[in-house]
Structure formats: structure tokens, C-alpha cells
Amino acid sequence: MSDLEELPLAALHRELGAKMVPFAGYEMPVQYTAGVMKEHLHTREAAGLFDVSHMGQVILRGADYATIAAAFETLVPVDAIGLKEGRQRYGFFTNEAGGILDDLMFANRGDHLFVVVNAACKAADIAHMTANLPGIKVEEITGRSLLALQGPAAEAALAKLAPEVADMKFMDVRDVTLAGVTCWVSRSGYTGEDGYEISVPDAQAEELARALLADESVLPIGLGARDSLRLEAGLCLYGHDIDETTSPIEAGLIWAIQKARRAGGAREGGFPGAERILREIAEGPARKRVGLRPEGRAPMREGVALFADADSTETIGTITSGAFGPTLGAPMSMGYVPADMAAPGTALSGELRGKRAPLTVDSLPFVPANFKR
Amino acid sequence: MKYTEEHEWLNPEGDLIVVGITEHAATQLGDIVFVELPEVGTEVSKEDEVVVIESVKAASDILAPLDGEIVEVNEALADNPGAVNDDPMGEGWFFKIKPSDASQMEDYMSEQEYLDLIG
């Protein structure tokens, strides 16, 4: 266990009955005493508090926001320059082959750009930015925890501590005083629910977590439920649903590439892999990430091979995430299939424990999002 | 009642043996969402994979503890797999097997031996 990093709130997690597991180099709470199913349902019905301090927090500094954003745009196919102060966007680093190096959230914080990246990729991301953003200071933020408060009761619970958070809209970012200290709060998350992500100094993280957990609507939620919540919401998990070989267009993330960066846009291309990505926008990708609904109750998980029908021997794709959806009340998966088999309603076959079982292409998300636009 | 190292319980009922998993196993597996049971009439050999349990975490196999014929399965688990979590020693039973060699029961642990195993 000595090579695993411990979260600043590890003692609190144990006190709350967490089962701790290794994840991306950290010892993380996978579930608490309620268990994955109840934690998932509670988040959709009330509010859940997640400790996601393993994720990377990075600040980019330069002469001004426009300068930083212009440099950042050389690494992401996203409109960073056009992002208004106090707003956040989803994005991803691409490679020369048009694959995805990592997905991320970034915010215009006035005089700097704030990036949140995946834990497993953060060292590589920081090296990538440091090597490829000349003139920009890449500052890894250590000493701050990241808490996510998610669910329909999140607003009321956080507003008890800071009423002004009720005024924030989906993807707004703001400095908010919580536990007597300045926190960086965004109205966003990874569950498909309304909620907030809060970057808080480690020294005040426990006080803030306890203040939130004191609200009867808030339960601590582990990584297990975080995964089923994001899958019901149709959100990608890096290293599974997207990776260095999948393009953002195959992954159905074209919505995250604003017009300014597409063909004919003000700043067309100019990011790694632009040739493939712009071509796939124009011509359509050969394969697409889709939602899949297995028949019956048996989940089809990552790695399950997909076939056009029960008798076909030619693999047409693979499941990249799969689980039982507690809110959906049924198993659900995501995976890649050829574009001509990607229409919702298409019947396919998956191989589960040596036997073929039917599943159907479905639209994403499986459970509608509940954001405060 | 006998127990296996695979955390199954074996409860004699006439000339049949009822098989399920222990509370310890059910807790470790987490919320169970699907149980794939064998077909009635299947002849199984000891250590054949006979049941698949899907929990929110992963799929796990249950091995046949005895040689014999599956004579009844718990159909209620199709609609209510959570019974394995709620009542693993009762409503959450998996199948009844008619052993071809009842002496195989002697291979397994008593309750006290099992409790010592899981500590």
C-alpha cells in the first residue's frame, strides 16, 4: 500500500465506513456502508458528496486570458478564446492521429485558465502542456482537494453555506467562501445531475465535507456509484470509452468542438489530429460510440465482443463500459459499432460467457440529464 | 448444514441438498443485480461452473459443490436478485441438487469451521 497516495480526507472516509480500493495511484473510497445501489439512487433523489481529489488541477498563466487560451487551443479542438470569464467548458487533448490523450474541463478564470484532468493522465497532461505551451506557465495545483456535490438537493445543501451558489448556472465558475476560505466552485459534475465541483484547500476540506454531510439530504458516495451514474448519463470514462485510438467524432463528442474550430470557422483546425477530425466531421466516422441495452438483467461489461446477429462470427465492435443501471433498472453498456449499425433500435448480439445474447442500440443518455441551464 | 471454501452453504432437505451463498459472500459481492441459474435436469459434476452472479461490481461464478442433478432452481431470483443480499441463507437460495454421491458432503466444513475460515 506504500506506493498508493492517500487522500487528505482518507480518515474521514474510513470513519464513514468506506471500503478503500486502489484507483489511479490513490487509495479511494469505492463505496460506503449504504452500498453502490443505494448510493446511486440517493444521488439521483437527493444529493451525494464525492471526493475526487485524485483528479489533476492545473492553472495556466500567461500575459492575459486571450494569450493563454490561444496557446491552449493548439492542443485542444475546442473554442477556448471565445469562452467567457466565469464559464467552463468540456474539452480534450488530441494526438497527431486524431485520438484523445485525455478529456478535461477548463474554465476562464479571468487572469488564468483552470484545467481539471483525469488522475491517471495528469502527469502526462502536465508534461504535454509544459512541453507544448511556450510562454505559458503550467502550474500543478497541489494542496487542494476536489469535492463534488451532486443531485437535485445539491443546490439547497450548498446554498445553506453560501446562498450565492443558487444564482450559478450550469458550467458557471465562481470564487465562493466556504468553511471560511476561498473555494473555486463550478456548477458541473459527472453524474448527469445538477450539482457543483468545489476545489477547496486541503486544510479546510474536512470542515467543508462535514458541513455538507451534516445536511440530511447529503450522503457520501463512492467511486462505484460514480461509475454507474456517469454511465447512465452517457458520459465517457477515459481509458475505457475514449482513448488514444478513438477520435472525438467516433466518440460522439462533436458537440464539444465549436464552430470556430471546424472547417470554415474563424480558427479552423490548428490542433493535433485536425486532418482526421475535420475529415470525420465532413464525411462521418467509420464507427461510432453508441448506447446499448442488453436484453434481460445480465450486464454486458467492458470487453464483450459485439456481432451483427446471433449467428455471425465476425466481430463488429466491442463494449467499452457496461454495468447495471440502478435508476434505469436494467443493464446498460456503451461501445463502438460500425456507423451503419449505430442507429437506435438496431438489433445486435454480444458474446457473454461463451453464449450469444441480444442487445439493442439505444440513444444516450440512458437517464435524462437534470442540469440547471 | 455444511459450508464450502467458495462460501456456499449446503443444507440437506430430504434426499436433496439446497445450495446458496453465505451472508459473508453476499456482503462481499455487493448489490446483486442478476443471477443466472442452471436449467432443471442438468447433470453437473463437482466444480462445474453452475451459477453466475452479477453484482454492481463484477460477475462471479458459483461452482457445483457436488456431483448430481439440478432438480429445482429458485425462479424468484429472476425478478428479485436482491433476495440474495437481503436473505442469503433463506429466500436467496440458488438451486436444489440431487447428489449422486452423498458422501461428498463430508468434504465440507461445519458452521464453526467456516466461521473460523472467514475470521
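How many bridges join strand 7 of chain A to strand 8 of chain A? In this predicted model, the two strands are joined by five bridges and run antiparallel, strand 8 covering residues 112-117. Within this pair, Met105(A) stands opposite Val116(A) of strand 8. The two strands form a hairpin with three residues between them, and Gly110(A), in the turn, has a positive phi of about 85°.

Strand 7 of chain A also pairs with strand 6 (residues 88-94) of chain A, again in the antiparallel sense, through seven bridges. Here the bridge partner of Met105(A) is Tyr90(A). Strand 7 of chain A spans residues 100-108, and nine of its nine residues are buried, so the strand is largely enclosed by the rest of the structure.

Three strands form an open sheet in the order 1-3-2, with mixed pairing. Strand 1 (5-6) and strand 2 (19-23) of chain A stand at the edges of this sheet; each has a single partner strand, so one side of each is left without a neighbour in the sheet. Strand 2 of chain A pairs with strand 3 (residues 26-31) of chain A in the antiparallel sense over five bridges. Met20(A) has Pro29(A), in strand 3 of chain A, as its bridge partner.

Strand 19 of chain A is joined to strand 16 (residues 305-307) of chain A by two bridges, and the two run antiparallel. Ser349(A) in strand 19 of chain A is the bridge partner of Phe307(A). Strand 19 of chain A is also joined to strand 20 (residues 355-362) of chain A, by six bridges and in the antiparallel sense. In that pairing Gly350(A) stands opposite Ala357(A) of strand 20. The hairpin of strands 19 and 20 of chain A has two residues between the strands, and Arg353(A) takes a positive phi near 50° in it.

Leu348(A), one of the residues of strand 19 of chain A, has 22 C-beta neighbours inside 10 Å and therefore counts as buried. Apart from neighbours within four places in sequence, Leu348(A) is in contact with Leu306(A), Phe307(A), Ala308(A), Val337(A), Met341(A), Leu359(A) and Val361(A). Between Leu348(A) and Gly224(A) there are 28 Å from C-alpha to C-alpha, and the two are 124 residues apart in sequence.

Helix 6 of chain A (residues 202-213) has 12 residues and reaches 17 Å from its first C-alpha to its last, close to the expected 16 Å at 1.5 Å a residue. The buried residues of helix 6 of chain A are Ala205(A), Leu208(A), Ala209(A) and Leu212(A). Seen down the helix axis, these buried residues fall within an arc of 100°, so they line one face of helix 6 of chain A.

At the level of domains, chain A is divided into domain 1 (5-53 + 142-232) and domain 2 (286-373). The centres of the two domains of chain A, taken over C-alpha atoms, are separated by 30 Å. In the contact between them, 15 residues of domain 1 of chain A meet 16 residues of domain 2 of chain A. Helix 2 (36-45) and helix 7 (223-232) of chain A each supply at least two residues of the domain 1 side that touches domain 2. By class, that side of domain 1 of chain A has five nonpolar, three polar and seven charged residues.

The contact between chains A and B takes 11 residues from chain A and 10 residues from chain B. On the side of chain A that touches chain B, the elements giving two or more residues are helix 2, helix 7 and strand 17 (315-325) of chain A. By class, this side of chain A has six nonpolar, three polar and two charged residues.

Notes: Residues numbered from 1 in each chain as written. Chains lettered and ligands numbered in written order. Predicted model: local features only at pLDDT ≥ 70, side-chain atom pairs only at ≥ 80, totals over all residues. Pairing = 2+ DSSP bridges. Helix = DSSP H or I, 4+ residues; strand = E, 2+ residues; numbered from the N terminus. Domains from an automatic or database assignment. Contact = placed C-beta atoms within 7 Å. Nonpolar A, V, L, I, M, F, W, Y, C, P; charged D, E, K, R; others polar. Expected span 1.5 Å × (residues − 1). Buried ≥ 20, exposed ≤ 12 C-beta atoms within 10 Å, placed from the backbone. Arc of directions from axis to C-beta.
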